[in-house]
Amino acid sequence: MSTFTLDSGTSRATPSPVPGKRMTAPAIRARKDGGTTAQPIVMLTAYTMRMAQLLDPHCEILLVGDSLGQVIYGLPSTVPVSMEMMCAHGAAVVRGSWHSLVAVDMPFGSYEASPEQAFASAARIMKESGCAAVKLEGGEAMAPTIAFLSQRGIPVIGHVGLTPQAVNQLGGYGARGKSEAEAKKIVGDARAVAEAGAFCIVAEGVMEGIADELAAAVSVPVIGIGASARCDGQVLVTEDMLGLFERTPRFVKRYDDLASRIAGAVETYAGEVRSRSFPTSDQTYRPKGG
Ligand code: KIV
């Protein structure tokens, strides 16, 4: 379908000169063998075609996270994110990538009511975006849904610990698992999600010891975000790790300071426009020989 392919004649995109075979859910699952992962899994969020192109050669999984609600749309949480947003951004990321497995978040309200509702939503996301997996939040309560999807051709990534779609119930975005009961529940959630058929699990915002325990307790790869270095892989929101925001969670490491660099470039541009030093003859169309 043309939605999934890049028209190199009309697009600004530069597709890989050597399109490779995409990562698959079974290949990701197989990274963890006998409880250990020799090569940690690299996952980052992507919401746009160009960012996908830049990240793709370095990652195994590109996650079209519902964090796009806050990062792209300036929403107060992920709760208002719609199916239309996820499908449109999912398709853009698929068009901008050729190597990574693209997984798209199921938005709040699109899967919790029943396994049948989840199947209809996941199928729509896969058909409209071309992605190869979906991610949904929740532990034991979502296990029957994960089993239903996994048995019907839909690879699922689980998400336990801090589940941002439940912010109104949790009362905030603080780390989870501070009490013994909560820690036990998170490990139980990860076990249930893995047993239901998730091919990997995101563990977000959990105390280090719990992350270590759950990574050891489940046979599928556990990808940490604010979890522990012992997880089988790591994920971050790309805009956070590139330094596009002033405020980021404690677990984010900033690998650049793009906000300052963009501000500097735009200030220079604005100054040159106002002083009429841009454009120069290099950026101006003139008749040949004129
Ligand atoms: O929505 C998102 O970006 C996520 C990651 C933070 C794991 O779920």
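## Close-up views of a predicted model

**View 1. The closed barrel.**
Let us begin with the strands. A closed barrel of 8 strands runs in the order S3-S4-S5-S6-S7-S8-S9-S10, and the pairing is parallel. From one strand to the next, the twist averages 25 degrees. Strands of a sheet pair through backbone hydrogen bonds, either parallel or antiparallel.

**View 2. Strand S3 between two partners.**
Here we look at strand S3, residues 41-45. On one side, S3 is joined to strand S10 (residues 233-236) by 4 bridges, and the two run parallel. Look for leucine 44, which stands opposite leucine 236 in S10. S3 also pairs in the parallel sense with strand S4 (residues 61-64), this time over 3 bridges. Threonine 45 has leucine 63 in S4 as its bridge partner. Is strand S3 enclosed or open? Of its 5 residues, 4 are buried, so S3 is largely enclosed by the rest of the structure.

**View 3. From S3 to S4 by way of a helix.**
This view follows the chain onward. S3, helix H2 (residues 49-55) and S4 together make a right-handed β-α-β unit.

**View 4. Strands S5 and S6.**
Strand S5 (residues 101-105) and strand S6 (residues 133-135) run parallel and are joined by 3 bridges. Valine 104 stands opposite valine 134 in S6. In a regular strand the side chains alternate between the two faces of the sheet.

Side chains of opposite charge can pair when their charged atoms come close. In this view, glutamate 84 and arginine 124 meet through their side chains in a salt bridge, 3.1 Å from N to O. Glutamate 84 belongs to helix H4 (residues 83-95) and arginine 124 to helix H5 (residues 115-129), so the pair ties together parts that are 40 residues apart in sequence. Glutamate 84 is partly exposed, at 47% relative accessible area, and arginine 124 also counts as partly exposed, at 28%. Which residues make up the network of salt bridges here? They are Glu84, Arg124 and Glu128.

Now find aspartate 189 and lysine 185, whose side chains meet in a salt bridge of 2.9 Å, N to O. Both residues lie in helix H8 (residues 180-196), and they are 4 residues apart, about one turn of the helix. Aspartate 189 has a relative accessible area of 8%, under the 20% limit, and is therefore buried. Lysine 185, at 48%, is partly exposed.

Arginine 230 forms a salt bridge with aspartate 212, and their closest N and O atoms are 3.7 Å apart. Arginine 230 lies in the loop between strand S9 (222-225) and S10, while aspartate 212 is in helix H9 (residues 208-217), so the pair ties together parts that are 18 residues apart in sequence. Arginine 230 counts as exposed at 62% relative accessibility, whereas aspartate 212 counts as buried at 17%.

**View 5. A nonpolar patch on the surface.**
We finish on the outside. Tyr269, Val273 and Phe278 form a nonpolar surface patch, and together they have about 270 Å² of accessible area. Of these, valine 273 sits in helix H11 (residues 258-274). Valine 273 is partly exposed, with a relative accessible area of 37%.

Conventions
Residues are numbered from 1 along each chain as its sequence is written. This is a predicted model: local features need pLDDT of at least 70, side-chain atom pairs count only at pLDDT 80 or more; totals for chains, interfaces and linings use all residues. Side-chain values use heavy atoms; hydrogens and water are left out. Patches are made of residues with over 30% relative accessible area and no salt bridge: like charges are joined within 9 Å, nonpolar side chains (Val, Leu, Ile, Met, Phe, Trp, Tyr) within 5 Å. Accessible areas come from the Shrake-Rupley method with a 1.4 Å probe; for residues, only the protein chains shown count as cover. A salt bridge is a side-chain nitrogen of Lys or Arg within 4 Å of a carboxyl oxygen of Asp or Glu. Buried means under 20% relative accessible area, exposed over 50%, partly exposed in between (1.4 Å probe, protein chains only). Two strands pair if DSSP finds at least two bridges between them. A crossover is right-handed if, with the strands pointing away from the viewer, the path from the first strand over the helix to the second runs clockwise. Axes are lines fitted to C-alpha atoms, for helices over the stretch in contact, and angles run from 0 to 180 degrees between N-to-C directions.
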